[in-house]
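The following exercises are meant to be worked through with the sequence and the model open side by side.

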Number of protein chains: 2
Amino acid sequence: MISLWKARGIIWKETPTLSSEPVPLIHSLGRTLAEDVKVAFDMPPFDRAAMDGYAVNATDTRCACSQSPVVLKVAGEIPAGTKGGKKLTEGCAMSIMTGAVLPANCDGIIKIEDAEEFIENGERKVRIFKEVKPGQDISFRGEDLKKGETILKKGRIVTPVAFAMLAYIGRKRVRVVRKPEVAIVATGDEIKKVGEKISAGEIYDSNSYGIYGQVLRAGGNPHLLGIARDNPGSLSRSVKRGLRYDILIMSGGVSVGKYDLVVNVFKESGVKMLFWKVAVKPGKPSFFGKKGEVVVFGLPGYPVSSYLNFENLVIFALSKMLGQPKPERLKVEASLERELKNSDDRDSFVRVKIVSEKDRYIAVPHPAQKSGVLRSVVESDGIVHLKRGEMRAKGEKVTVELFGTFGLLIS
Amino acid sequence: MISLWKARGIIWKETPTLSSEPVPLIHSLGRTLAEDVKVAFDMPPFDRAAMDGYAVNATDTRCACSQSPVVLKVAGEIPAGTKGGKKLTEGCAMSIMTGAVLPANCDGIIKIEDAEEFIENGERKVRIFKEVKPGQDISFRGEDLKKGETILKKGRIVTPVAFAMLAYIGRKRVRVVRKPEVAIVATGDEIKKVGEKISAGEIYDSNSYGIYGQVLRAGGNPHLLGIARDNPGSLSRSVKRGLRYDILIMSGGVSVGKYDLVVNVFKESGVKMLFWKVAVKPGKPSFFGKKGEVVVFGLPGYPVSSYLNFENLVIFALSKMLGQPKPERLKVEASLERELKNSDDRDSFVRVKIVSEKDRYIAVPHPAQKSGVLRSVVESDGIVHLKRGEMRAKGEKVTVELFGTFGLLIS
């Protein structure tokens, strides 16, 4: 039996990072960058108006105020999208639109709300009610991004804003890490597929669906290979098929009972065992092994154990394959609603619901903590980690690690 | 100019909830439930072994200990998946597998680690080293779920664990809310599509891509309708096309400059204006309107304003359409790295990065807070909300609302 931290270390060390592939921008969303993305041109690419208004030379507006506005001639207009080349002469302003190139000699913008245009003797003029400071309401070339700098780092997930950034800098294609292809197999003579008729003594396969969703959320490509039966032949066939993918995840059949053949079948199929038992509750009988570059997980059959072991262990293999940094779950502080005690010799993960209360969160432990009770995850938001023998008092501040938040934080 | 809270209230009130449709289980992941999901049978559906071991009658194991084990006859075995109907007789045990139906007269399981099987005079026998308590290591029928109860409520997103739950209770099909179809249009003569050649005075459309990702993350179906030019004809055509979807989002052209025609075109296209200006920084010029059941947003052209206004406003329309509860962003407490001051007359959203430091988070405000600086979002994790005129001291505890976390919490 090894610790969760040791188990994670082994997974991180043994799992390879996949190769990369170029994809068109539109297909990069949700993928992981395989390159440091460098900026090809300054952004903005030119000095531009940050507001709709009038381009002026600041000295021409000196002492302007609402009681005594400065009056300037309006010498033309600059809509966005027009090339540069215009020039301000003394005593003149130009009507300008947000995003438009500044004319030469302009060092400030008076926004439209602080000016008033009028016609005098057939000439366009503008009253300016506020003194303009040099640089006012201008976006300077390179103010956002400088040519050549790295703006998105290798290993970063293309979130919506990273996706916008790729477009912003004009990237037609981007190099991302290949998606891990993940085979999912349930095991057990008592397991039926949803849609099949169920008899006494049988239950539906739920682990495959949970894992399917977890793989997808983590950026992998899940494949449901169905249910293997509790006999060496059926198991061998499933393992053989599963070893054609990047990751094989089997649920069920990894505890010590004599019907638990999975671990033996792994060995006979050439999978080198790297660990089998992890000191966590729930989820102790968790197998990890490798054949060539394929990594193999055997998760316990109980739905809670399967879900949590994915969150606690398998996610590390997916992140490593994707070339991401080591995953960290988002943590919130919360006050414990009732005393918690872990009298077990393993680390325990207590499922809790987060309840918002004025300026704090309350962590409410789910009343059912057995590993067969799937509702304890359905009705919770995260876990409180108790070391073996640890006790936490009612009202004590605890750290709740939130489900499904790996990779959410940038830092 | 109305407050953000008032604006959200209007969106919530005016946006319709879409109709629902039944989908096969496998397509329900990520969708929103349109029905209260009721449990069709008790789970577990029968009393079953929670461990691999021996089914016993607790009274037969009285006073068993490692020094003086109790010896029972092994009267057979019960693999998982076999129908019930077996019966324990006094002085007998049966080998049983996790998940298998209990035999009659059995009221406890001794796990395999606490027993030792042997053969005596050709008969299978087992030494039991611990006294079994009634109910020990049994999962009782209905212990997890009771027939008829609601386990997943209408409006809930089908997360991986909810997906597993639907399989667990054998749901072949489930009723979900139709996905909102969202039209995305960028506007501006200076805007080019990624892949096109760019000239002086022009920039690439990034807002459409950001919004595309945000719509997808929020559970909608995004459609890129391209770029409309700053003239009534081009804008009208785009608005007309966009009004065929459930939501139309246009970015750019909603401020007060004379080239900003979008709001007028909305009106001429029959879109009833519900608000135009919101007291937030960045993102003040934000239009919301409605034509029939179609809701229409006009977001400012600046990439930061577009991103934040989606997070602050548009998300409410998507949640309402999907029949979800009012969205709440996940919040973490963090110590402010430097003083913050909002001298504006609008609420301000300061982009901050969260840095983990031992047992606390530090909120580091991004050095660039202009609404044209997209990197301020790319390099941040969330926002600190400052009311108008508000000041927060260095080191003060502030609440950081994390980007992209709407709908993450269950409660």
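**Exercise 1. Determine how far strand S26 of chain A is enclosed, and trace its pairing and one of its residues.**

Step 1. Strand S26 (residues 382-386) of chain A has four buried residues out of five, so it is largely enclosed by the rest of the structure. Here a residue is buried if 20 or more other C-beta atoms lie within 10 Å of its own, exposed if 12 or fewer, and partly exposed in between, with C-beta atoms placed from the backbone. Strands (E, at least two residues) and helices (H or I, at least four) are DSSP runs, numbered from the N terminus.

Before going on, the basis of the model should be noted. This is a predicted model, in which local features need pLDDT of at least 70 and side-chain atom pairs count only at pLDDT 80 or more, whereas totals for chains, interfaces and linings use all residues. Residues are numbered from 1 along each chain as its sequence is written, while chains are lettered from A and ligands numbered from 1 in the order in which they are written.

Step 2. S26(A) runs antiparallel to S24(A), to which five bridges join it, and Val352(A) has Gly382(A) as its bridge partner in S26(A). Two strands pair if DSSP finds at least two bridges between them.
Step 3. S26(A) is also joined by three bridges, again in the antiparallel sense, to strand S28 (residues 397-402) of chain A, where Leu402(A) is the bridge partner of Gly382(A).
Step 4. Leu386(A) belongs to strand S26 of chain A, and this residue is buried because 21 other C-beta atoms lie within 10 Å. Neighbours within four places in sequence left aside, Leu386(A) is in contact with Leu340(A), Asn342(A), Asp347(A), Ser348(A), Val350(A) and Arg392(A), contact meaning that the C-beta atoms of two residues, placed from the backbone, lie within 7 Å.
Step 5. Lys193(A), by contrast, is 193 residues from Leu386(A) in sequence and 35 Å from it in space, C-alpha to C-alpha.

**Exercise 2. Describe the two six-stranded open sheets of chain A that have the strand orders S16-S13-S17-S21-S20-S18 and S7-S4-S6-S5-S9-S8.**

Step 1. In the sheet S16-S13-S17-S21-S20-S18 the pairing is mixed, and its edge strands, each pairing on one side only, are S16 (221-228) and S18 (272-277) of chain A. Neighbouring strands of this sheet are turned by 15 degrees against each other on average, direction ignored, where axes are lines fitted to C-alpha atoms, for helices over the stretch in contact, and angles run from 0 to 180 degrees between N-to-C directions.
Step 2. Within this sheet, S17 (residues 247-251) and S21 (residues 294-299) of chain A pair in the parallel sense over five bridges, and Met250(A) has Gly298(A) as its bridge partner in S21(A). Helix H6 (residues 303-321) of chain A packs on the sheet, where it touches S17, S20 (285-291) and S21 of chain A, and its direction makes about 160 degrees with that of S21(A).
Step 3. The sheet S7-S4-S6-S5-S9-S8 likewise has mixed pairing, with S7 (108-111) and S8 (115-120) of chain A as its edge strands. Its neighbouring strands are turned by 40 degrees against each other on average, direction ignored.
Step 4. S4 (residues 53-56) and S6 (residues 92-96) of chain A pair in the antiparallel sense over three bridges, and the partner of Ala55(A) in S6(A) is Met94(A).

**Exercise 3. Characterise the side of chain A that touches chain B.**

Step 1. The contact involves 82 residues of chain A and 82 residues of chain B.
Step 2. Several elements of chain A each supply at least two residues to this side, including helix H3 (207-217), strand S24 (347-357) and H6, while H2(A) gives the most, with eight residues.
Step 3. By class, this side of chain A has 42 nonpolar, 24 polar and 16 charged residues, where Ala, Val, Leu, Ile, Met, Phe, Trp, Tyr, Cys and Pro count as nonpolar, Asp, Glu, Lys and Arg as charged, and the others, Gly among them, as polar.
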